[in-house]
Amino acid sequence: MKSLPRNARIRGEPYLPNRFIFGDAVDEQGLEGAEYLMHTESPAFVCRLVGNDDTDFPGRERDGLASAMLYDEEESLTIYVCNLRLRLFDFNFYDEIEPSVGELQDICDEAMRVYQRLHKAYADRDAAGPEPREMRIGPTKPLPPAERQLAVGKLAEQARQAVGKPMEGAQLAAAVQMALLAGDQAVFTEAQLSLGAEPAARQLLVNSARDAVAFPEVMRKDGNVMSFELWALPFAFSRSQGGVWWHFPRLESLEVALADALEVPEKSILWISPTLFTVDMLNERACQDLVQLAPVMDAGCDFAPLDPESSRATFDAARKTVEPQLVMSWIPFLVERGALPPERARRLARRALDASMPLVQQAVAAEMEYGEAELFAPLPWWEALSSGMRAWNRKRLGISVALLATSQGGIEKLEAVAEYQPEIQGYEVGLRLKGSDEVAARVPWLVVPDVAPDRDACWRDLADCLKEAGIPLSQSVARLH
């Protein structure tokens, strides 16, 4: 490639552009109120195109395309009208010989047929959604028992040696990332559980895993390293049917709107994950497979936490059942590190929600029926999990308490008993009248998903919430016989 002198002649393309070209134009006030039609073959011309035209002419009620060429004597303008409620006017010709009225009408009729096909092509494209991208599933490779125990012991020992030592801490971070990427989630889980009596080493290990998820580094094929931050939009919705789908390709359209609303610099990356994560999906692998998200998205692919085909078949079968449910989920997105300061995100949160909600609703509705929906402010990943789960737990408990208190004569007559249920990763809260053993309502209070879920923090949060409401709380411990 070389620079051209300012007086050089410009070579044209060896082929003509499309015969009819439709497009918009802008002036000093912004987008003009009319589209433009260009006819590139002889007789070449440009004219304006507007819709919602109800001009009366003979044959307007005929089936099929009907049109007429009219002349406005006051304005000295030739106007083309048709029964598609479209008007062409302001004809500017570029040939020496202008067409006759009949020739121009035939050309305009053909242009209107092309315009119909163009809008059908747009509609078909919008209906089809974006081009499907490759779906990549994270590895699931359980190690043999002996190798697993060796890997668990080695990781735990590295955590012990890294306490108070920055160099060993960096080596531990790399070891944790390798363990999470390997696909055997038991290695990290058992390592952090084995350090229960050594809180400093355990916390260092857990923080390393959280950082691997929240601040991913991606090594590209060209040798460059990209640093990202993982954020999320908490998204809650209701469903009257069973099953929940999780992949929504149209969420890609949210990227530009969200980046503009959050004032992310133009050349900085913001990528939305079309894969939505529910509480159950996060708990299934203790959030560990999220370490795969950044490399997959950076490669231009979509991450699949579950096998897409079998998951879709399960969803299609479940959606035929009636199973009212409330679903808490998160829409992750990657931001180039440093491009979105938290204080700016908080300041622009309302604008981001206003821009995002319609696009999220359209994307989800294209794949799955849902009822009411609520979108929460964008936050860094672990904060998004914590605040979303906290709000959701309180909302469900608050609704149940309000309904029961109304029917029983006041909140002061209620008490609560909670029992931890491993199958739901949370507490089942039973609400009953004081002095009664009969439970009147049951509400789940779920642990915040994490690489190392904190059951004690969940209990403290529940106790604080009920204390604020003035409801006594006791804990029921399941007895195994």
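**Domain contacts, salt bridges and local geometry**

In this predicted model, the area buried between domain 3 and domain 4 is about 900 Å², and carbon and sulfur atoms contribute 72% of that area. The size of an interface is often expressed in this way, as the accessible area lost when the parts come together. The two domains belong to a domain assignment of the protein that gives domain 1 (20-128), domain 2 (136-214), domain 3 (223-377) and domain 4 (390-475). The centres of domain 3 and domain 4, taken over C-alpha atoms, are separated by 28 Å, and the contact takes 12 residues from domain 3 and 9 residues from domain 4.

The polar side of this interface can be described by pairs of residues. Between domain 3 and domain 4 the count is 1 salt bridge, and across their interface 1 residue pair is found in polar contact, with both residues at pLDDT 80 or more. On the side of domain 3 that touches domain 4, the elements that give two or more residues are α7 (279-284) and β15 (322-336). By class, that side of domain 3 has 9 nonpolar, 2 polar and 1 charged residues. A salt bridge is also found between Lys395 and Glu374, whose closest N and O atoms are 2.8 Å apart.

Salt bridges were then considered over the whole structure, where a search finds 28 of them. In general, side chains of opposite charge can pair when their charged atoms come close.

A second pair is made by Glu252 and Arg133, whose side chains meet in a salt bridge of 3.5 Å, N to O. This pair links distant parts of the chain, with Glu252 in the loop between β11 (225-241) and α6 (254-261) and Arg133 in the loop between α1 (101-128) and β9 (135-137), 119 residues apart. Glu252 has a relative accessible area of 22% and is partly exposed, as is Arg133 with a relative accessible area of 30%.

Salt bridges also join residues into a network, which links Arg239, Arg312, Asp316, Arg319, Glu367 and Glu369. Within this group, Arg319 forms a salt bridge with Asp316, the closest N and O atoms being 3.2 Å apart, and Asp316 is partly exposed, with a relative accessible area of 29%.

Ser67 is placed in strand β6 (residues 67-72) and counts as buried because its relative accessibility is 15%, where the cut-off for buried is under 20%. The side chain of Ser67 is joined to the side chain of Gln105 by a polar contact of 3.0 Å, and to the side chain of Asp109 by a polar contact of 2.7 Å. When residues up to four places away in sequence are not counted, Ser67 touches Phe57, Tyr80, Val81, Cys82, Gln105 and Asp109. Asn393, in helix α12 (residues 381-408), is also buried, with a relative accessible area of 2%. The side chain of Asn393 reaches the backbone oxygen of Leu446 at 3.0 Å, and, with residues up to four places away in sequence again left out, Asn393 touches Pro444, Trp445 and Leu446.

Most residues other than glycine have a negative phi, and most peptide bonds are trans. In this model, however, a cis peptide bond joins Ser42 and Pro43, with omega at about 0 degrees, and Pro43 is placed in the loop between β4 and β5. Asn52, a residue other than glycine, has a positive phi near 55 degrees; Asn52 is found in the loop between β5 and β6 and is exposed, with a relative accessible area of 64%. Asp90 also has a positive phi, of about 55 degrees, although Asp90 is not a glycine. The place of Asp90 is in strand β8 (residues 87-93), and at 25% relative accessibility Asp90 counts as partly exposed.

Methods
Residues numbered from 1 in each chain as written. Predicted model: local features only at pLDDT ≥ 70, side-chain atom pairs only at ≥ 80, totals over all residues. Heavy atoms only, no water. Domains from an automatic or database assignment. Contact = heavy atoms within 4.5 Å. Buried area = accessible area lost by both parts, 1.4 Å probe. Salt bridge = Lys/Arg side-chain N within 4 Å of Asp/Glu carboxyl O. Polar contact = N/O pair within 3.5 Å; in protein donor to acceptor, adjacent residues only side chain to side chain. Helix = DSSP H or I, 4+ residues; strand = E, 2+ residues; numbered from the N terminus. Nonpolar A, V, L, I, M, F, W, Y, C, P; charged D, E, K, R; others polar. Buried < 20%, exposed > 50% of the residue type's maximum accessible area, 1.4 Å probe, protein only.
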